[in-house]
Amino acid sequence: MTQSSPRITKAVIPAAGLGTRFLPATKATPKEMLPVVDKPAIQYVVEEAVAAGLSDVLMITGRNKRPLEDHFDRNYELEEALSRKGDEARLAKVRESSDLAAMHYVRQGDPRGLGHAVLCAAPHVGDEPFAVLLGDDLIDARDPLLSRMVEIQEREGGSVIALMEVEPSQIHLYGCAAVEPTGHGDVVRITGLVEKPDPADAPSNLAIIGRYVLDPAVFAILRQTEPGRGGEIQLTDALQQLAADEKVGGPVHGVVFKGRRYDTGDRGDYLRAIVRLACEREDLGPDFKAWLRSYVTEEMQAP
């Protein structure tokens with residue numbers, strides 16, 4: 001029998017990674033602060049959490065991540081300068097990030113993997129279900145994945161994981177889910193999980209993407225989870241235990257996402273995300289698309 005869960009209000013955003021794929025840009029700048037058009041990637045993620053009704057955001061940070069805190073804080077000197085100039089449009093943009101949510105921060109300290117980062121959130125989350133949003137995945141605001149996941153968790157209990165179909169040859173880059181259907185087209189029951197399997201051993205082509213809504217029972221499992229692939233504490237390993245025995249923390253469901261997702265953790269996909277989002281902006285799109293067409297035409301005609 002389905003039991004309703006408490007209303008979810010807390011989101012956890014792990015942001016302690018070193019961003020080595022973007023060196024040297026990330027030598028002194030957190031990768032989460034790299035701009036996607038004119039807004040840092042991390043702000044898109046916080047806005048997504050807020051749009052899903054999660055007003056309490058905990059960011060798991062590390063060394064050299066102070067700019068994240070500064071971005072979501074007030075900047076009185078800049079605000080005063082813009083106010084004196086009468087630049088209300090830019091003033092509103094500056095204040096927007098500091099007014100989004102109740103922001104909290106904790107340092108991971110020892111970077112021991114995503115599972116360990118999530119475990120750092122335990123004192124703040126307590127005994128409540130909560131969401132986890134990975135900063136490398138940007139979900140288009142027109143495709144409200146997280147809201148759907150919260151809806152499923154509050155109705156079914158347990159945990160909910162975002163899944164996306166990928167080419168079988170690419171499944172080794174992701175965590176992968178074994179599933180069975182439910183009565184809802186976009187919702188599956190997860191029966192098993194494996195981290196970055198060989199394509200021949202993968203139970204499906206459904207890859208885990210960076211959105212989770214988790215039962216707090218995951219914390220007790222993470223405390224007992226040994227380092228796995230890469231010598232890190234893998235969140236996937238803990239979720240596999242939840243999927244194997246729903247008596248521990250309720251069932252584990254997956255929402256199969258077919259909307260627009262932008263991967264900013266890869267340099268090529270990061271550039272593609274900027275182009276796509278810039279093209280869709282009313283203030284930038286028309287001129288930018290005209291230039292892009294001209295540029296592509298010239299490149300195709302070049303010897």
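This is a tutorial dialogue on reading the features of a predicted model.

Q: What should be kept in mind about numbering and confidence in this predicted model?
A: Residues are numbered from 1 along each chain as its sequence is written, and side-chain values use heavy atoms, with hydrogens and water left out. The model is predicted, and local features need pLDDT of at least 70, side-chain atom pairs count only at pLDDT 80 or more, and totals for chains, interfaces and linings use all residues.

Q: How many helices and strands does the chain have, and what radius of gyration does the chain have?
A: Helices (H or I, at least four residues) and strands (E, at least two) are DSSP runs, numbered from the N terminus; the chain has twelve helices and 13 strands. The radius of gyration is taken over C-alpha atoms, and the globule rule is 2.2 Å times the number of residues to the power 0.38. For 303 residues a compact globule would come near 19 Å, and the value of 20 Å for the chain agrees with this. Along the principal axes, the C-alpha trace spans about 60 × 55 × 35 Å.

Q: Which share of the residues of the chain counts as buried?
A: Buried means under 20% relative accessible area, exposed means over 50%, and partly exposed lies in between (1.4 Å probe, protein chains only). By that rule, 49% of the 303 residues are buried. Contact means heavy atoms within 4.5 Å, and among contacts between residues at least 6 apart in sequence, 77% join residues at least 24 apart.

Q: How many residues has the largest nonpolar core, and which have the most contacts inside it?
A: In soluble globular proteins, nonpolar side chains tend to be buried together. A nonpolar core is a set of buried Ala, Val, Leu, Ile, Met, Phe, Trp, Tyr and Cys residues joined through side-chain atoms within 4.5 Å. The largest such core here has 44 residues, and those with the most contacts inside it are Ile 13, Leu 54, Met 59, Leu 133, Leu 145, Leu 146 and Val 213. Helix α1 (residues 41–51) gives the most to this core, namely six residues. Apart from this core lies another of 35 residues, among them Val 12, Ile 233, Ala 243 and Val 256.

Q: What does Ile 13 touch, and what does Val 213 touch?
A: Ile 13 is found in strand β1 and counts as buried, at 0% relative accessibility. Leaving out residues up to four places away in sequence, Ile 13 touches Ile 42, Val 45, Val 46, Val 57, Leu 58, Met 59, Ile 60 and Leu 133. With the exclusion again of residues up to four places away, the contacts of Val 213 include Ile 8, Phe 130, Leu 146, Met 149 and Val 160.

Q: How many residues of α1 are buried?
A: Helix α1 is mostly covered, with nine of its eleven residues buried; these include Ile 42, Tyr 44, Val 45 and Val 46, along with Gln 43, Glu 47 and Glu 48. Gly 53, whose phi is positive, near 90°, follows α1.

Q: At what angle do helix α11 and helix α12 pack?
A: Two packed helices are described by the angle between their axes and the distance between the axes. Axes are lines fitted to C-alpha atoms, for helices over the stretch in contact, and angles run from 0 to 180 degrees between N-to-C directions. Helix α11 (residues 267–279) and helix α12 (residues 285–301) pack at about 125°, with axes 8 Å apart. That makes α11 oblique to α12, given that angles under 35 degrees count as roughly parallel, over 145 as roughly antiparallel, 65 to 115 as roughly perpendicular and the rest as oblique. Val 275, Ala 278 and Cys 279 in α11 meet Gly 285, Phe 288, Lys 289 and Leu 292 in α12.

Q: Which peptide bond is cis, and what is the phi of Val 37 and of Lys 196?
A: Most residues other than glycine have a negative phi, and most peptide bonds are trans. Here the bond from Leu 23 to Pro 24 is cis, with omega near 5°, and Pro 24 is found in the loop between β1 (10–14) and β2 (35–36). Val 37, in the loop between β2 and β3 (39–40), has a positive phi of about 65° although it is not a glycine, and at 24% relative accessibility it counts as partly exposed. Lys 196, in the loop between β10 (187–195) and β11 (206–214), has a positive phi near 45° and is partly exposed at 34% relative accessibility.
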